Amino acid sequence: MPGADKETDLSERIEAFLSDLKRGGSGTGPLRGSAETARETTALLRRVTAQARWSSAGDLMEIIRKEGRRMTAAQPSETTVGNMIRRVLKIIREEYARSRGSSEETDQQESLHKLLTSGGLSEENFRQHFAPLKANVIEAINELLTELEGTTDNIAMQALEHIHSNEVIMTIGRSRTVEAFLKDAARKRKFHVIVAECAPFCQGHEMATSLSKAGIETTVITDAAIFAVMSRVNKVIIGTQTVLANGGLRAVNGTHTLALAAKHHSTPLIVCAPMFKLSPQFPNEEDTFHKFVSPHEVLPFTEGEILSKVNVHCPVFDYVPPELITLFISNIGGHAPSYIYRLMSELYHPEDHEL
Amino acid sequence: MNEEELVEYFRTQMRKDPDMASAVAAIRTLREFLKRDKGETILGLRESLTWATDCLTGVDSSVAVSSGGELFLRFISLTSLEHQVTDARHIVSGLHTGTDNSGLQRLWCTLAAGLISCCLSQDLSRCKKVMEERGELFLEKISMSRAKVAKLCHTFIKDGAKILTHSYSRVVLRVLEKAAAEKKRFSVYVTESQPDAAGRQMAEALGKLNVPVTVVLDAAVGYVLEKVDLVIVGAEGVVESGGIINKIGTYQMALCSKAHNKPFYVVAESFKFVRLYPLNQQDVPDKFKYKADTLKTVQNLSDEHPMIDYTPPSLITLLFTDLGVLTPSAVSDELIKLYL
């Protein structure tokens, strides 16, 4: 029967995605970039909207929340999955409000104003059925997918405003966004890049190879040399895994050191982060914030004698507080870290912060 | 309702429920005043409400009472404005059906007359009814605000944390209650907070929750900060810049926390947001700095000790309000949304 086929097909795809996520976090470097994860999540959610059985916006939101919880449980450190789910939930709320004809319900956030003027304590329960809702939601998700596809290019387009000739730029590890950013500027400007190798995975090496293929003068340094070299650097440009709700970062380990060195020398720290990396989490959840992987990268298992006597840790992420960051460059332009709360309120609804 | 009745009602409200915020008591009193008011126009209503708020600040000169009163006044203006606009719309739609192009001037005159009549007694009673209902709802919502704040804040208290707090704050107490209910183990240092030793009251209340608490001298804040993981304080008022006005000694605590790199959290309900923008300690108006009886009796205020101080936003890490977790820069956004 065609209906049952579609449902099993859908659940198969979701299972495949979940196992992909679980494998991707095994620690031998990211097997997939965040952009691909975001795109796949959104495509999957579009499929769920199209194929699952639901009659009102409330049902659809419940289904998406359920799938969302499973996906975030599979790989808690991959926050883009949760972010995309929250974006889709916000889209559903907006489309529902538009179908109901609520005129200026653009501000769905809590505010003092709403507190004073709203007529009732009744909560929106999203139970009404609207025929064109499905088509509208799918169209909005398609727009979201188009936006996702253009993010790296949008960020790279802003490169020429920030990078000038004969500058020395420092970066750490490998970020595809920063790579595209620097390559775009290299088409018109001549500058020098210093890449910190970011042990123990040493992704900085691949970054340096890729940049030098594009004709940029590149130097690779060890993480210990960051402070020593910082006095000769004009700007620090980095990518990040997540942007937190207070404007801080969860970035690859070594970034906090880089940020502190930059602050000490008053060197501007620019973070290239597309909008889908913005997450409504605060850095207080110790248990889900850090991710530790196998320590054999730090101290290989061949060193058995030493291993039995010491504790070895290999954390993947670092927290960078917002005071150390100068500018965020995202696909919608440049922002100060203190402005992040505003972007958060535009992208997500407060009730979706907890899935 | 004259001045004595007003003050008596306010005092009764405060006595009946010592856990209630003074701003909430003020709003309740003003709502009662509204019910009993025999004014004929909305303008008159606003004037008498301003007079009533002044009387209340004469009893309790804290920032919270003043902000509560201003919020209620704003609520009245917004409701009456909404009511006028809907009435005007009805009048226009009613006129539109029975007029032709040449009657445009007649239309404008009738519209103007209609608007003026909105301010007269026939519509005032309807308006007042709406205000009373909305006022009831508003009070219900803000009575839940402390619970919302506690829900947001308790996740930032980790197991084994050492917390420093200042003086007696019912919101902080609520947050710590919630954290204790979630089976988190933490210990608290409270400053004594002279001149009224309110910190001891806080220590007593925490002792009842079986939380290990130590009272420290106000001067010992710097000494104790190296042992502490985070600092949580309440606020009497949250100003437009995102800074706070709170019991004297808070600024000192914030400066020391910044020097030690400890997070400084503020918990406050949203009705404490006030339209002030002090640039330094002197900018805070005298009427908030001293107790109401001091203001009335003492001639030379420079000899008195201020009861509050201003903490600038650069020293505050995060603000926990019932509108969500806010960075100090988000506070002015909220205020703009309300007042503009």
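These legends go with a set of close-ups of aromatic residues in a predicted model. Residue numbers start from 1 along each chain as its sequence is written, chains are lettered from A in the order written, and side-chain values use heavy atoms, with hydrogens and water left out. Since this is a prediction, local features need pLDDT of at least 70 and side-chain atom pairs count only at pLDDT 80 or more, while totals for chains, interfaces and linings use all residues.

**View 1. F33(B) and W51(B) make a tilted pair.** A search of the whole structure turns up five aromatic pairs over all chains (Phe, Tyr or Trp rings, the six-membered one for Trp, with centres within 6.5 Å; planes under 30 degrees apart are stacked, over 60 edge-to-face, the rest tilted). In this one the centres are 6.2 Å apart and the planes at 45 degrees, so it's tilted. F33(B) comes from helix α2 (residues 22-36) and W51(B) from helix α3 (residues 42-59) of chain B, 18 residues apart (helices are DSSP runs of H or I, at least four residues; strands are E, at least two; both numbered from the N terminus). F33(B) is buried at 5% relative accessibility, whereas W51(B) is partly exposed at 37% (buried is under 20% relative accessible area, exposed over 50%, partly exposed in between; 1.4 Å probe, protein chains only).

View 2. F156(B) lies in the loop between α7 (145-153) and β1 (161-166), and Y265(B) in strand β7 (residues 264-267), 109 residues apart. F156(B) is buried at 6%, and Y265(B) is buried at 10%.

**View 3. One aromatic cluster takes in F282(A), F156(B), Y265(B) and F320(B).**
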